Amino acid sequence: MKKYLTMVPLLAGAAFLASMGASSAAGKYTIGISNTVQGNGWREEMVCAMKAQALASGEVAKLNIAHRNTDAAGQLEDIRNLISAKVDAIVVNPADPAGIKAGLEEATKAGIVVVAVDQAVTEPSAYIISNNQEQYAYLGAKWLFGQMGGKGEVFYMRGAAGASADSDRDKGFKKALAEFPDVKVAQEVFTGWQQDQAKQQILSFLSTGTPINGIWTSGIDNVIVDALVESQAPLVPIVGADNAGFVGQLSSVKGLVGAAVTNPGSIGGAGVTLALQILDGKKPAQQTVLVEPQLWENATDEGKAKLKAAADPSLSPEWPVSISIPDWTTYTKDQIVACKGPGE
């Protein structure tokens, strides 16, 4: 059974967040964190949200963080190291569900709470709190294909091959594609969710002179706009995520038509909250919680108003502006930006 939540972005200075603050209670838990992508703004915000929520909760004495660029085999090794360290819970963003299933099962058997964030896992004992990745892709692709007039060529920029979020997004993208039979994929690439790689891919494609009518990106967006502007290529409609840089571009780059679909990196903080709830004996009724995305576009006055309200130029361009999730995170903006966990 799945529980669905609607994502409502909390902007800087939200009153209830400020009132929560950090608890003065002595921390009693050690939380392990496993993440396999560095150098990506979304993942960095996710880790900072984990640190901030652990600190704000007052229940965490220590974080044991495995945060590096690696594959499923490397993540399996990291998870087993966390098990050996006898952490109380592991919050994991999975590189590949099948590749780490054995490690998650071993953790559960060792009495460790396992929570997967951002992406689903196949280990049935694990809890999952994730952005709805299939709906994320479907919303953006459907909007994009409509902006293209229901026909033409789209450049399809995916995430990391094998990641369940990418597989789910591919389902959503193809669901929308099936509704627009006259839209074709000009080229499909895997960006690995890396900014430099994605920018080089679009520049290489533009150098061929092949015409396109739209670009769908898996959250790698502001550098794609930069590439189009720098190469003086036509500004075709673009879909990205709610990253601060892209949200700002949608209001400032002349001639750019696009949409940002919310995909909060703060889901990492929500994962820490869920792990703590389970450790405190408050297991949720549902094994999976999905946060529902919203689409903010600049083609209508209503959409422009939403983008203006969400914009936060003080954040890193690659950080999602949705820095908090109602009912799941209690840190302040200062805490997530400071990126400090218990004891740091």
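1. Helices here are DSSP runs of H or I with at least four residues, and strands are E runs of at least two, both numbered from the N terminus. With that in hand, the stretch 31-283 comes out at 46% helix and 21% strand, and its end C-alpha atoms sit 17 Å apart. An unreviewed UniProt entry lists residues 31-283 as "domain: Periplasmic binding protein"; UniProt positions follow the numbering used here, feature names are shortened, and annotations may be inferred rather than shown by experiment.

2. Keep in mind that this is a predicted model: local features need pLDDT of at least 70, side-chain atom pairs count only at pLDDT 80 or more, and totals for chains, interfaces and linings use all residues. Residues are numbered from 1 along each chain as its sequence is written, and side-chain values use heavy atoms, with hydrogens and water left out.

3. On to the disulfide (a pair of cysteine sulfur atoms within 2.5 Å): the structure holds one. Cys-48 is joined to Cys-339, S to S 2.0 Å. Cys-48 belongs to helix 2 (residues 41-57) and Cys-339 to the segment after helix 12 (333-338), so the link ties together parts 291 residues apart in sequence. The link of Cys-48 and Cys-339 is left-handed, with -90° about the S-S bond.

4. Both Cys-48 and Cys-339 are buried, meaning under 20% relative accessible area with a 1.4 Å probe, protein chains only.

5. Have a look at Ile-220 too, in the loop between strand 9 (214-217) and helix 8 (222-230). Ile-220 is buried, at 2% relative accessible area. Beyond neighbours within four places in sequence, the contacts of Ile-220 (heavy atoms within 4.5 Å) are Asn-40, Thr-191, Trp-193, Gln-194, Gln-195 and Ala-198.

Conventions:
Buried < 20%, exposed > 50% of the residue type's maximum accessible area, 1.4 Å probe, protein only.
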